[in-house]
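Here are some notes to read alongside the model.

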Amino acid sequence: MTTTATTPGLRRLENALTMLSPLEPAIAVRGPARRRWPRHLQAGLGPLSTHASRAGRLQCIPTDKDLAERGLTGQDLPAPLLQAAAHLLALTAPELNLMEGTTR
């Protein structure tokens, strides 16, 4: 499930998690790392979102200005974006283990 690091986005996330309960999906939040969220966003996490975060199921997906403006190019994807993608892959497909661009 995905959302943005905004007050409305987090409100919708909590509503969706309530409807999906007892399922515990992986969550991608587009925006800065949680430690960089303003206080009002930190306070905007509801109980199910907070539980997901503490359980390691909430992953922030960093926004890259160049990628947003130019799209995919021949350059490597930014390391923070690749790390976030690897974490989400581990949550959604634990049987896959990507190392050095190969699968095991």
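1. A definition to start: two strands pair if DSSP finds at least two bridges between them. Keep in mind as you read that this is a predicted model. With that in hand, look at S1 and strand S2 (residues 27-30): 3 bridges join them, and the two run parallel. As an example to find on screen, Thr2 has Ala28 in S2 as its bridge partner.

2. Now step back to the whole sheet. It is an open one, made of 3 strands in the order S1-S2-S3, with parallel pairing. Strand S1 (2-4) and S3 are the edge strands, each of them pairing on one side only. On average, and ignoring direction, neighbouring strands here are turned by 25° against each other.

3. Which strands does helix H1 touch? Helix H1 (residues 7-20) packs on the sheet and touches S1 and S2. The direction of H1 makes about 155° with that of S1.

4. On to charges. Side chains of opposite charge can pair when their charged atoms come close. In this model the count comes to 1 salt bridge, and the side chains that meet in it are those of Asp66 and Arg70, at 3.9 Å from N to O. Both residues lie in helix H4 (residues 65-70), where they are 4 residues apart, or about one turn of the helix.

5. Is Arg70 buried or exposed? Arg70 has a relative accessible area of 61%, so it counts as exposed. Asp66 comes in at 43% relative accessibility, which means that it is partly exposed.

6. You'll find Arg57 in the loop between H3 and strand S3 (58-61). Arg57 is buried yet has no salt bridge. What is the nearest side chain of opposite charge to Arg57, and how far away is it? That side chain is Glu24, 4.0 Å away. Leaving aside neighbours within four places in sequence, Arg57 is in contact with Glu24, Pro25, Ala26, Ile27, His51, Ala52 and Leu91.

7. Last stop: Ser49, in helix H3 (residues 47-54). Why does Ser49 count as buried? Because its relative accessible area is 0%, and buried means under 20%. If you set aside neighbours within four places in sequence, the contacts of Ser49 are Leu13, Glu14, Leu17 and Leu58.

How values were computed: Residues numbered from 1 in each chain as written. Predicted model: local features only at pLDDT ≥ 70, side-chain atom pairs only at ≥ 80, totals over all residues. Heavy atoms only, no water. Buried < 20%, exposed > 50% of the residue type's maximum accessible area, 1.4 Å probe, protein only. Contact = heavy atoms within 4.5 Å. Lys, Arg positive; Asp, Glu negative; His and termini not counted. Axes fitted to C-alpha atoms, helices over the stretch in contact; angles between N-to-C directions.
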